[in-house]
Amino acid sequence: MEKRVIKWHLYSVDLKAFPKLQSHNIPPLLFISKFFDDGIENFKSSMGLTEKYIATKMKSTVALESCTIIKRWVQTNQLDIKTRATKFDGRKVLMEQNICSEDEILIT
């Protein structure tokens, strides 16, 4: 059986635009949620799930459940939000996301 490699979609955030994060030991959940949401929206757009497609096909995307684990936080200038679909049954998609600094996973 062939092993399938699921690729990550990368979305980078310049933290210079978020100076409040430079003074926190752990970022507020609002920022974490926003970064993950931006990563999902960027991922959907890359797959053709634009607002026009959703309106035309009368489809919607809704997060039903979310779990956030903060491993650690580092002061950095850039974060990479990595997003991928790990399971798809024709109706539901299981998404996986990581917030990374360089190659270190900070938040999942």
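In this predicted model, the side chains of K34 and D38 meet in a salt bridge, with N and O 2.6 Å apart; the term stands for a side-chain nitrogen of Lys or Arg within 4 Å of a carboxyl oxygen of Asp or Glu. Because K34 and D38 are four residues apart in helix α1, about one helical turn separates them. K34 is partly exposed, with a relative accessible area of 37%; here buried means under 20% relative accessible area, exposed over 50%, and partly exposed in between, using a 1.4 Å probe and protein chains only.

The structure holds four salt bridges, and another of them joins the side chains of K44 and E41 at 3.0 Å, N to O. Both residues lie in helix α1, three residues apart, which is about one turn of the helix. K44 counts as buried at 9% relative accessibility, whereas E41, at 38%, counts as partly exposed. R84 also forms a salt bridge, with E96, and the closest N and O atoms are 3.1 Å apart. R84 lies in strand β2 and E96 in strand β3, so this pair ties together parts that are twelve residues apart in sequence. R84 is buried, at 18% relative accessibility, while E96 is partly exposed, at 28%.

Since the model is predicted, local features need pLDDT of at least 70 and side-chain atom pairs count only at pLDDT 80 or more, while totals for chains, interfaces and linings use all residues.

Turning to the overall fold, the protein chain has two helices and four strands, which follow the pattern β-α-α-β-β-β along the sequence. Helices (H or I, at least four residues) and strands (E, at least two) are DSSP runs, numbered from the N terminus. The four strands form an open, antiparallel sheet in the order β1-β2-β3-β4; two strands pair if DSSP finds at least two bridges between them. At the edges stand β1 (9-14) and β4, each pairing on one side only.

Within the sheet, eight bridges join β2 (residues 78-88) to β3 (residues 93-101), and T83 has Q97 as its bridge partner in β3. Four residues lie between the strands of this hairpin, where G90 takes a positive phi near 95°. Three bridges join β3 to β4 (residues 104-107), with C100 opposite I105 in β4. The hairpin of β3 and β4 has two residues between its strands, and E102 takes a positive phi near 55° there.

Which residues have the most contacts inside the largest nonpolar core? They are L15, F18, F35, L79, I81, I99 and I107, in a core of 15 residues. α1 (29-46), β2 and β4 each supply at least two residues of this core, and the largest share, four residues, comes from α1. A nonpolar core is a set of buried Ala, Val, Leu, Ile, Met, Phe, Trp, Tyr and Cys residues joined through side-chain atoms within 4.5 Å. Leaving aside neighbours within four places in sequence, F18 is in contact (heavy atoms within 4.5 Å) with V13, F31, K34 and F35.

Key: Residues are numbered from 1 along each chain as its sequence is written. Side-chain values use heavy atoms; hydrogens and water are left out.
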